[in-house]
Amino acid sequence: FPFPYTPYLIQEQFMAALYGALEAGCVGIFESPTGTGKSLSLICGALSWLRDFEEKKQQEEARLLALQDGGQEGKKLLTSVEPGHPASKDTAGEPDWVTAFVQKKEERDMVDRLKEEQMRRKKREDHLEKIRHNVQLKYTTKRKRAEEDETRLLLQLSKEVLSEGAGVDVLEKLDHNDEELILAEYESDEEKKVVSGLEEDDDDLEEEHVTKIYYCSRTHSQLSQFVREVQKSPFGKDTRLVSLASRQNLCVNEEVRRLGALQIINDRCMEMQKNKHEKKSAEEKAGQKRRASRTTTTCPFYSYEQMQFLRDEVLVEVKDIEQLVALGRETKACPYYGSRYAIPAAQLVVLPYQMLLHEPTRSAAGIKLKDQVVIIDEAHNLIDTITCIHSAEVSGSQLCCAHSQLLQYMERYRKRLKAKNLMYIKQILYMLERFVAVLGGNVNQNPSCQAVPQTGTVLKSINDFLFQSQIDNINLFKVQRYCEKSLISRKLFGFVERYGGPATAVKTNKEKQKLAGLQNFLLALQQGSDKEGTPQSCPPVEAENEQLRAASPLMQIEGFLSALTNANQDGRVILNRQGTVGQSSLKFLLLNPAVHFAKVVEECRAVIIAGGTMQPVADFREQLLSCAGMDPARVVEFSCGHVIPPENILPIVLCSGPSNQQLEFTYQTRDRPQMMDETGRILCNLCNVVPGGVVCFFPSYDYEKQVYAHWEKTGLLTRLATKKKVFQEPKKASQVEQVLVEYAKCIKRCSQAGGQMTGALLLSVVGGKMSEGINFSDELGRCVIMVGMPYPNIKSPELQEKMAWLDKTTPRAAGQAPSRALIENLCMKAVNQSIGRAIRHQKDFASILLLDRRYGSTAVLSKLPGWIRERTQVKATFGSAFAELRK
């Protein structure tokens, strides 16, 4: 192996397998349990391959250039490495001199391209080396930025002084804030070049993307942890790494950050760029007649020179997201765009996998996957993530609210809007009206007071929904493009904040006088809608909660319209009619995640799907790869064991309890008092012998609450509390940290003080806040208990539709229907994630107790991780299991 940085033998095996998969251009499914150094193995294996790949490529280029004048041998080499060469094309019927001319021209073009690439590479390396070692250059650049800021401030002050006595002729009785809310003229059929704010004559930015590795994980904290591992690795000093994130994480403009909601931040940022472009265009057209002075806000951090400096600093030294933000504040440069300018020259790009899996986001970030390597870590919920990203839901309350706001906006600015804008706004209003009608309501009435005539859930294909809504004659692609280009949701949000939102309550007296007329106008519209049929006793239309109030509902509706542009066979629309129109909803459900993942697999040189617990892997093969048309020969699997010795883990399948009650927690039997009593007796016995912390997982919050209440009633909870202090997992995410801190403190206090109480018992829920991403290492989790098998709700309309779709499109495997395999796999994925919380490092140890006899079947055991399955014991009686636990 080329770089044997291997603390454990497993890491060496992992790196060797990864290196081979990248070299062969495979799609790999890699499983490595927590504690085996998975992150370090990914870093060293991938970067070792990349280093060797670049070295081989440069050697080949040098050899080809040396042989360009070396006669027939050089020509053969040139033609053999050029995939688009005429030799590979059909030249039958062409004269020899034409074929020879084309061949020579392509050979010259290839040589020129190789020389240019070498020149760019040398220029980039020299430039970065200069920055890395020339401290004086950094101080000079910093001083130059300070001088530019001072000059800009003086110019701004002089403009303000001149404008005070100049006087401005106002063409319309609208202040500059109102002007900013008016949509710009929209040309729907014209493809305009995207304004990037870059200088056209800058050669560095035309640089082609070098071969790189895109490393994706689930959360920003996991990405920061990975970057720190890179910094500590042997590759930390000479790797060009770039961390990507959303504007919400990277924006350093406090005015924009205060907006809070991600979509609002995105729209405001785009608008500020547009303002800068319009301002520049207006300056170039000096002398032409323009509208009255319009104050446009531009971002002071969006400066090419400042972002170019930030880009170079990022490439010189490995930085995580927090360091990148700090650098952006120091250099007064935008980290969001500065990091994107560094992508072409980067060797390792670190980003959340939502950004890579969503094609529009990927394209907007400048990510090019052609012939690159993608590593998706923490990929156990990859299918769910793709489905979630491309699904969308809107409530009846949001639809009515958006219709009301957009109608008021149109009435307010009708005379100032161009014909194209009015046309699209009317189309959106019509669609909103039809969507509410499909739910059984009327947009002119309060959705909270309109009872739905027929409740229930109905699933429809996309085409059927469009026909039922009577919007099949509207081009959704054009409407979607209009929403993106015109920033209508941002304009509407500004309008509501200015006139209809909580911001109006803090206006000055002068501003209130200005707005009095419009507020009366909006009030008249509301009263008019009341007269049309809303009962006067009904409360006014309000947002469902503060989160909806913080963002324009039109943003959610834009996502729903975008989802409706999927192919008819790949999704379903769910009409959920519940109680009132406001409580009802429309949801798009993506059935075929492979249609979006296929684009990633087809473009990339190699894709590695990695995780600590990937079993069962059949879902990845069938739902992602087979449905995407992937050649099975290109797919490889690698699963390594754990670094812990066999005696450090004791997995037991328990078939019966202390009173010989058979353990089978089906929906029909688990609510019986004797089943809950038997579960309590098992826990009492375990808490008597297990030191430290015990974590018990229940299938759902409702069942955990039911069992807890039963134990409290029978007095069993009091018996448990004599040995372990009992904690419950909270439903609110904000309370999880507090419960975990108290849980850990109790265990530490008991271990130091001694006495009758030996630790704590944590009652958790499968799929909850503590079943994923939480480390119950050492004393925090000496025993993990799984109560029953957490099968998903088979009565869910979404799940039923997914099962029917799989049975229709996927072949049977091993005589089992795909729908049945889906249910089992969803259950076992949840189990594997939960029981994997205990063993977190090489010297850790824990017992795992699976309370249900169904775990003992061969089919279920085969879906446990290999390192657990090999050591699992199936015990028919509680006595033999308890004896093993005591040992």
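Reply: Here is a walk through those topics in that order. This is a predicted model, where local features need pLDDT of at least 70, side-chain atom pairs count only at pLDDT 80 or more, and totals for chains, interfaces and linings use all residues. Residues are numbered from 1 along each chain as its sequence is written, and side-chain values use heavy atoms, with hydrogens and water left out.

Me: Okay, what is the strand order in the open sheet?

Reply: The seven strands run β3-β4-β2-β5-β10-β1-β11, with parallel pairing. Strands here are DSSP runs of E, at least two residues; helices are runs of H or I, at least four residues, and both are numbered from the N terminus. Two strands pair if DSSP finds at least two bridges between them.

Me: Which strands stand at the edges?

Reply: β3 (241–243) and β11 (635–639). Each has a single partner strand, so one side of each is left without a neighbour in the sheet. On average, neighbouring strands are turned by 15° against each other, direction ignored.

Me: How many bridges join β2 to β4?

Reply: Five, between residues 213–217 of β2 and 348–352 of β4. Tyr-215 stands opposite Val-350 there. β2 is also joined to β5, by four bridges, with Ile-213 opposite Val-373. Four bridges then join β5 to β10, where Ile-376 faces Ile-609 across the pair as its opposite residue.

Me: Which way do the β5 side chains point?

Reply: Val-373 and Ile-375 point one way, Val-374 and Ile-376 the other. All are buried, meaning under 20% relative accessible area; exposed is over 50%, and partly exposed is in between (1.4 Å probe, protein chains only). In a regular strand the side chains alternate between the two faces of the sheet.

Me: And Val-349, buried or exposed?

Reply: Buried, at 0% relative accessibility. Val-349 sits in β4. Beyond its neighbours within four places in sequence, its contacts (heavy atoms within 4.5 Å) include Ile-213, Tyr-215 and Val-242. Val-349 and Ile-213 are 136 residues apart in sequence, yet 6.2 Å apart in space, C-alpha to C-alpha.

Me: Switching to helices. Which strands does α7 lie across?

Reply: α7 (residues 220–232) lies across β2, β3 and β4, at about 160° to β4. α26 (residues 618–626) lies across β1, β10 and β11, at about 155° to β1. Axes are lines fitted to C-alpha atoms, for helices over the stretch in contact, and angles run from 0 to 180 degrees between N-to-C directions.

Me: How do α11 and α12 cross?

Reply: Their axes come within 10 Å and cross at roughly 145°. Among the residues that meet are Phe-309 and Leu-310 in α11, and Leu-324 and Leu-327 in α12.

Me: Now charges. How many salt bridges by this rule?

Reply: The count comes to 21. The rule is a side-chain nitrogen of Lys or Arg within 4 Å of a carboxyl oxygen of Asp or Glu. One network links Lys-38, Asp-377 and Glu-378.

Me: Where do Glu-678 and Arg-681 lie?

Reply: Both are in helix α27 (residues 673–689), three residues apart, about one turn of the helix. Glu-678 is buried at 0%, whereas Arg-681 is partly exposed at 30%.

Me: What about Glu-317, which partner does it meet?

Reply: Lys-319, at 3.6 Å, N to O. Glu-317 is partly exposed at 48%, and Lys-319 is buried at 11%.
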